[in-house]
Number of protein chains: 2
Amino acid sequence: MDTIGHHYIVEAAGCDPKVIGDADKIREIFLEAAKRGNMEVKASYFFKFSPMGVSGVVIVAESHISVHTWPEKGYAALDVYTCGEKADPEKAVDYILEQFKAQYAHVSEIKRGIEEDDETFTHTILTWEEKLDRRNGKL
Amino acid sequence: MDTIGHHYIVEAAGCDPKVIGDADKIREIFLEAAKRGNMEVKASYFFKFSPMGVSGVVIVAESHISVHTWPEKGYAALDVYTCGEKADPEKAVDYILEQFKAQYAHVSEIKRGIEEDDETFTHTILTWEEKLDRRNGKL
């Protein structure tokens, strides 16, 4: 089985506190994101902190989506990691950022499980920033 | 609540296929790793693929540990992500690599949730490689 994985590590800022503080809403968004990213959901778990903040994980076949949120800061730490050629993790990331109403994202795309000649494995990292201007309907 | 998180992204190579192919064993290792890393376990989920390979996630207060394994390659893609000052994610990583009998690790430590002046958040990345020579008892 192919070891190559695509792992998106996202710091999402300017998110809607109502959305990222609501565990049920995040579950709904994640399940839809998995569907749009062509992933098969195996299990999900969401946990609400007191007084605020949510941790959530969806286990998808050979991968996972996770989030930890700070609604009081409009901040969410999002991960989408998928293996195999079938899944489209970028679609899931875009959908989640759109639903969180994120205004800004700092993203690293990590290509994982790159096999080397000496039977070791490495990863490569590509980092960028996105300003998500939603006023004009973009993204 | 502090947004700063420490996220270790590890490509572990030369692992013992028996260990990383055994979902129950990985669960046991992860629960002990969480304890050693001073984390509070909220939930865990492990899934065994056919014919081999395991996906596992432990949700810890404000963080998670996850792994996806390819026993036939001796390879495991490990993540340990913790927030707050109390947890010691490095101890958890070291314990897991030791138990997996990994010979080699390519690691990126990502410091997440760094707040900037303009209410955005960023992350920094530090990458290194470790050769884990266990013949003389060194980790």
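Ring pairs tie Trp70(A), Tyr75(A) and Phe121(B) into a cluster, where rings of Phe, Tyr and Trp (its six-membered ring) pair if their centres lie within 6.5 Å, planes under 30 degrees apart counting as stacked, over 60 as edge-to-face and the rest as tilted. The model is predicted, so local features need pLDDT of at least 70 and side-chain atom pairs count only at pLDDT 80 or more, while totals for chains, interfaces and linings use all residues. Residues are numbered from 1 along each chain as its sequence is written, chains are lettered from A and ligands numbered from 1 in the order in which they are written, and side-chain values use heavy atoms, with hydrogens and water left out.

By this rule, 8 aromatic pairs are found over all chains. In one of them, the rings of Phe47(A) and Phe49(A) have centres 4.7 Å apart and planes at 90°, so the pair is edge-to-face. Phe47(A) and Phe49(A) are both buried; buried means under 20% relative accessible area, exposed over 50%, and partly exposed in between (1.4 Å probe, protein chains only). Tyr75(A) is buried, at 0% relative accessibility, and Phe121(B) is buried with a relative accessible area of 0%.

The next topic is the interface as a whole. The size of an interface is often given as the accessible area lost when the parts come together. Chain A and chain B bury about 4,000 Å² between them, with 65% of it on carbon and sulfur atoms; this buried area is the accessible area (1.4 Å probe) that two parts lose on being put together, summed over both. On the chain A side, Trp70(A), Phe121(A) and His123(A) lose the most area to chain B, together 15% of what that side buries. The contact, meaning heavy atoms within 4.5 Å, takes 47 residues from chain A and 48 residues from chain B.

Across this interface there are 24 residue pairs in polar contact, both at pLDDT 80 or more. A polar contact is a pair of N or O atoms within 3.5 Å; within protein, one must be able to donate a hydrogen and the other to accept it, and residues adjacent in sequence count only if both atoms are side-chain atoms. Several strands of chain A each supply at least two residues of the side that touches chain B, including strand 1 (5–13), strand 5 (75–83) and strand 7 (121–131). Strand 6 of chain A gives the most to that side, with 8 residues. By class, the side of chain A that touches chain B has 23 nonpolar, 14 polar and 10 charged residues; Ala, Val, Leu, Ile, Met, Phe, Trp, Tyr, Cys and Pro count as nonpolar, Asp, Glu, Lys and Arg as charged, and the others, Gly among them, as polar.

Salt bridges come next. Side chains of opposite charge can pair when their charged atoms come close. Glu11(A), Asp79(A) and Arg112(B) are linked in a network of salt bridges. Asp79(A) pairs with Arg112(B), the closest N and O atoms being 2.6 Å apart, and Arg112(B) also meets Glu11(A) in a salt bridge of 2.8 Å, N to O. Arg112(B) is buried, at 0% relative accessibility, and Glu11(A) is buried at 0% relative accessibility. Another salt bridge links Arg112(A) with Glu11(B), their closest N and O atoms being 2.9 Å apart.

His7(B), in strand 1 (residues 5–13) of chain B, is buried with a relative accessible area of 0%. Its side chain makes polar contacts with the side chains of Asp79(B), at 2.7 Å, and Arg112(B), at 3.0 Å.

Technical notes
A salt bridge is a side-chain nitrogen of Lys or Arg within 4 Å of a carboxyl oxygen of Asp or Glu. Helices (H or I, at least four residues) and strands (E, at least two) are DSSP runs, numbered from the N terminus.
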